[in-house]
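These are my notebook entries on a structure that was new to me.

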Amino acid sequence: MNKFSHRLKKLREKEKMSREILANKVGVSYSTIAKYESGVREPDFSTLEKLSSVLDVTVDYLLGKTDKEQGNDFDPIAEHNRLLEKYGIEDSGFFDIEKWKEMGPEEMKQLESYFQFIYEQSQKKNDED
């Protein structure tokens, strides 16, 4: 098993994704993913880019050229859009006041908990800098 096939399988399993789900997201067959993971077949450039995007790693990481899963040029807007796409959120609704009005007490507690988490992470990062 080469680095690519090993990393592909580990990343797919880390994302708790079946071969079939990954195949559908990338636009190939189940057996193609199985062949990639067993090292029998390698993807073309376009498929490699799709795998990289779906698994949220760089192409260089997939190919074993680096051990860093992410590149250095973090783009928060692109990351936000990736997360919206990954979780099937069509409209984040963050600025839609009508959606906020529909929230109940339990949802508001969850939201507060999430805000607290973000705040603590921000403070932790500031302390490290």
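Entry 1, salt bridges. I counted 4 salt bridges, a salt bridge being a side-chain nitrogen of Lys or Arg within 4 Å of a carboxyl oxygen of Asp or Glu. I note that the model is predicted: local features need pLDDT of at least 70, side-chain atom pairs count only at pLDDT 80 or more, and totals for chains, interfaces and linings use all residues. Residues are numbered from 1 along each chain as its sequence is written, and side-chain values use heavy atoms, with hydrogens and water left out.

I looked up Arg-7 and found that it forms a salt bridge with Asp-67, with 2.5 Å between the closest N and O atoms. This pair links distant parts of the chain, 60 residues apart: Arg-7 is in helix 1, and Asp-67 is in the loop between helix 5 (59-63) and helix 6 (76-86). Helices here are DSSP runs (H or I, at least four residues), numbered from the N terminus. For accessibility I took buried as under 20% relative accessible area, exposed as over 50% and partly exposed as in between, with a 1.4 Å probe and protein chains only. Arg-7 is buried at 10% relative accessibility, whereas Asp-67 is exposed at 61%.

I then recorded a salt bridge between Glu-69 and Lys-14, at 3.3 Å from N to O. Glu-69 belongs to the loop between helix 5 and helix 6 and Lys-14 to helix 1, 55 residues apart. Glu-69 is partly exposed, at 26%.

A further salt bridge joins Arg-19 and Glu-37, at 2.8 Å from N to O. Arg-19 lies in helix 2 (residues 19-26) and Glu-37 in helix 3 (residues 30-38), so the pair ties together parts that are 18 residues apart in sequence. Arg-19 is partly exposed at 23%, and Glu-37 is buried at 1%. Through shared partners, salt bridges join Arg-12, Arg-19 and Glu-37 into one network.

At what angle do helix 1 and helix 4 pack? I read about 35° between helix 1 (residues 3-14) and helix 4 (residues 45-55), with the axes 11 Å apart. The axes are lines fitted to C-alpha atoms over the stretch in contact, and angles run from 0 to 180 degrees between N-to-C directions. Phe-4, Leu-8, Leu-11 and Arg-12 of helix 1 make the contact with Leu-48, Leu-51 and Leu-55 of helix 4, contact meaning heavy atoms within 4.5 Å.

Leaving aside neighbours within four places in sequence, Leu-55 is in contact with Leu-8, Leu-11, Arg-12, Glu-15, Met-17 and Leu-22.

Buried in helix 3 are Thr-32, Ile-33, Ala-34, Tyr-36 and Glu-37. The cover over these buried residues includes helix 1, helix 2 and helix 4. Ser-5, which is found in helix 1, is buried at 0% relative accessibility. Apart from neighbours within four places in sequence, Ser-5 is in contact with Tyr-36, Glu-37, Ser-38 and Gly-39.

Key: Helices (H or I, at least four residues) and strands (E, at least two) are DSSP runs, numbered from the N terminus.
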